[in-house]
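Dear colleague,

Please find below the structure that I promised to hand over, with its sequence. My notes on what was found in it come after it.

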Amino acid sequence: MVEDRRTVVAEGAIIALATKGARGLTHRAVDQLAGLPEGSTSYYFRTRSALLQACAEHLVARTLQAMGPAFKEGTQITLLELAELAAQAVCAWTAEGGSLVLARHELLLESARQTELHQTLTAVTGHLQTWLKDRIAELGIPAAPERAAELIACLDGIALAAAVAGQTNEDALARSVMRVVSGLLAEP
């Protein structure tokens with residue numbers, strides 16, 4: 001099945017951000033990394049800003065996909081299931097050399113100067129935080145909004161550290177995530 005060219009370009013942009021950083025994100029670099037003829041990226045995304053936006057939107061879609069079917073509104077889960085889901089998400093973010101988490105952090109830095117990009121990334125973080133807050137509250141754990149924000153920050157930090165270090169041991173990474181989730185959400 002032939003992939004949508006916009007998706008291929010967005011994947012190439014994620015790889016470019018992860019391997020070359022924001023400065024290395026050029027239309028030509030994306031063409032090369034995506035295996036597309038020169039000029040393909042600029043055909044679909046005329047400006048660098050449009051390319052960054054497409055990358056952010058694709059990253060959001062991949063993140064939500066990585067969360068799996070449990071990431072639906074109204075899904076009740078146990079603390080163990082929440083910890084397992086968090087471990088699954090962090091392992092997905094750090095797979096393939098950590099391309100998703102590295103690209104995400106490059107986009108976060110770019111979003112400090114680009115409103116539309118900031119809004120895209122903030123929307124998914126807000127959606128994730130609301131979902132997590134609701135699950136934490138359903139478990140009867142106090143201060144759910146604060147704990148959800150703290151947990152997201154911790155998971156993001158674990159994923160980034162693993163990606164930067166080139167950690168590929170998913171079992172060790174999952175155990176680390178499980179400990180953080182259990183410790184952070186333990187009753188005070």
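The notes below take up helix packing, then individual residues, and then the cysteines.

Please keep in mind throughout that this is a predicted model.

Helix packing

I begin with helix H6, residues 115-138, and helix H7, residues 144-165. Their axes lie 8 Å apart, and the two helices pack at an angle of about 125°. H6 and H7 are therefore oblique to each other, and the crossing in which H6 passes H7 is right-handed. On the H6 side, the residues that meet H7 are Thr125, Leu128, Gln129, Leu132, Lys133, Ile136 and Ala137. Their counterparts in H7 are Ala144, Pro145, Arg147, Ala148, Ala149, Leu151 and Ile152. By class, the residues of this contact of H6 with H7 comprise 10 nonpolar, 2 polar and 2 charged.

H7 also packs with helix H8, which spans residues 170-184. Here the axes come within 11 Å and cross at roughly 160°. H7 and H8 are therefore roughly antiparallel to each other, since an angle over 145 degrees counts as such. H7 passes H8, too, in a right-handed crossing. From H7, the contact involves Arg147, Glu150, Leu151, Cys154, Leu155, Ile158 and Ala162. From H8, Leu173, Ser176, Val177, Val180, Val181 and Leu184 take part. The contact of H7 with H8 divides into 10 nonpolar residues, 1 polar residue and 2 charged residues.

Which residues of helix H2 are buried? In this helix, residues 27-34, the buried residues are His27, Ala29, Val30 and Asp31. Just after H2 comes Gly35, which takes a positive phi of about 70°.

Helix H4 covers residues 48-67 and includes His58. His58 has a relative accessible area of 15% and is therefore buried, the limit being under 20%. Apart from its neighbours within four places in sequence, His58 is in contact with Thr7, Ala10, Glu11 and Ile14.

Ala66 also lies in H4. Its relative accessibility is 14%, so Ala66 counts as buried. When residues up to four places away in sequence are not counted, Ala66 touches Gln88 and Ala92. Ala66 and Cys91 are 25 residues apart in sequence, while their C-alpha atoms are 9.2 Å apart in space.

Cysteines

How many disulfides does the structure hold? The number is 0. The reason for Cys91 is distance: its sulfur is 16 Å from the closest cysteine sulfur, that of Cys154, which is too far for a bond. A disulfide requires the two sulfur atoms to be within 2.5 Å. Cys154 is likewise in no disulfide, the sulfur of Cys91 being the nearest cysteine sulfur to its own.

Are these two cysteines buried or exposed? Cys91, at 9% relative accessibility, counts as buried, whereas Cys154, at 31%, counts as partly exposed.

With kind regards

Terms used: Residues numbered from 1 in each chain as written. Predicted model: local features only at pLDDT ≥ 70, side-chain atom pairs only at ≥ 80, totals over all residues. Heavy atoms only, no water. Axes fitted to C-alpha atoms, helices over the stretch in contact; angles between N-to-C directions. Helix = DSSP H or I, 4+ residues; strand = E, 2+ residues; numbered from the N terminus. Parallel < 35°, antiparallel > 145°, perpendicular 65-115°, else oblique. Left-handed = near helix turned anticlockwise from the far one by under 90°. Contact = heavy atoms within 4.5 Å. Nonpolar A, V, L, I, M, F, W, Y, C, P; charged D, E, K, R; others polar. Buried < 20%, exposed > 50% of the residue type's maximum accessible area, 1.4 Å probe, protein only.
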